[in-house]
Amino acid sequence: MRRDILSRLHGYRYEHSLGVERCAIALAKKYGGDPALAGAAGILHDITKHLSPQEQLNLCEKYGIIPCTVEKSEPKMLHGKTAAAIARREYHMPDEVCDAIACHTTGRAKMTILDKILYLADYIEETRDFPGVEKARELAETSMDRALLYCYDQTLIELITRGKLIHSDTIAAYNDMIRQGVRWRDEEKA
Ligand SMILES: [Fe+2]
Ligand SMILES: [Fe+2]
């Protein structure tokens, strides 16, 4: 099955997906997740990312996914949900893997350990190279929640800077961390 999944990934996405798999397994071992499920979520999470906006919408139609107004405007955002549908229907992955894949693009409130592992692994895996990735890796050494909030902050700042739409699940994810008292800046640490 792993070979079949990998045959659907090409170029940078192939390397990235293997990087996410490795990183997700390491995070699972470190933070008490299931390494096998984390690895599976890692290689499957971007399985539909190469598809066009129209193809994303076609898959939504096929699998009964109802896009929100933001997703209708930015159908590429749907690749988490469409990949989750493929993981469930074609690879018979358990709910927790599919749920983690479904929310890896936006985050969501009340993330499970597996959701957090995949979201973080997607952000910090070894092939990632962008301003801020080192800080996220450093925070992930000691706290998934602090690293996660850092990722949300950076994502929100970037979306606002670029004048892009913000998905309501991303705001819910951010608010959830803040409400729990999570902070990533040292001076704010409780
Ligand atoms: Fe993705
Ligand atoms: Fe990814």
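Let me start with the largest pocket of this predicted model, which has a volume of about 1000 Å³, a pocket here being an open set of points on a 1 Å grid over the protein atoms alone, where a 1.4 Å probe fits and protein lies on both sides within 12 Å along at least five of seven lines. The volume is the space filled by probe spheres set on the points. Of the 27 residues that line this pocket, the closest to its centre are Lys49, Thr105, Thr155, Glu158 and Arg162, where a lining residue is one with an atom within 4 Å of a point. Helix α10 (144-161) gives the most to this lining, with five residues, while α2 (11-31) and α8 are also among the helices that each supply at least two; helices here are DSSP runs of H or I with at least four residues, numbered from the N terminus.

Before going on, a word on conventions: residues are numbered from 1 along each chain as its sequence is written, and chains are lettered from A and ligands numbered from 1 in the order in which they are written. Because the model is predicted, local features need pLDDT of at least 70 and side-chain atom pairs count only at pLDDT 80 or more, whereas totals for chains, interfaces and linings use all residues, and side-chain values use heavy atoms, with hydrogens and water left out.

Now to the metals. The iron ion (ligand 1) is coordinated at 2.1 Å by Asp46 (OD), His79 (NE2) and His104 (NE2), donors being N, O and S atoms within 2.8 Å of the metal (3.2 Å for Na, K and Ca), and since water is not among the atoms, sites may look incomplete. Asp46 lies in the loop between α3 (35-44) and α4 (53-63) and His104 in the loop between α7 (95-102) and α8 (113-124), so this pair ties together parts that are 58 residues apart in sequence.

What are the protein donors of the iron ion (ligand 2)? They are His16 (NE2), His45 (NE2), Asp46 (OD) and Asp122 (OD), lying 2.2 Å from the ion.
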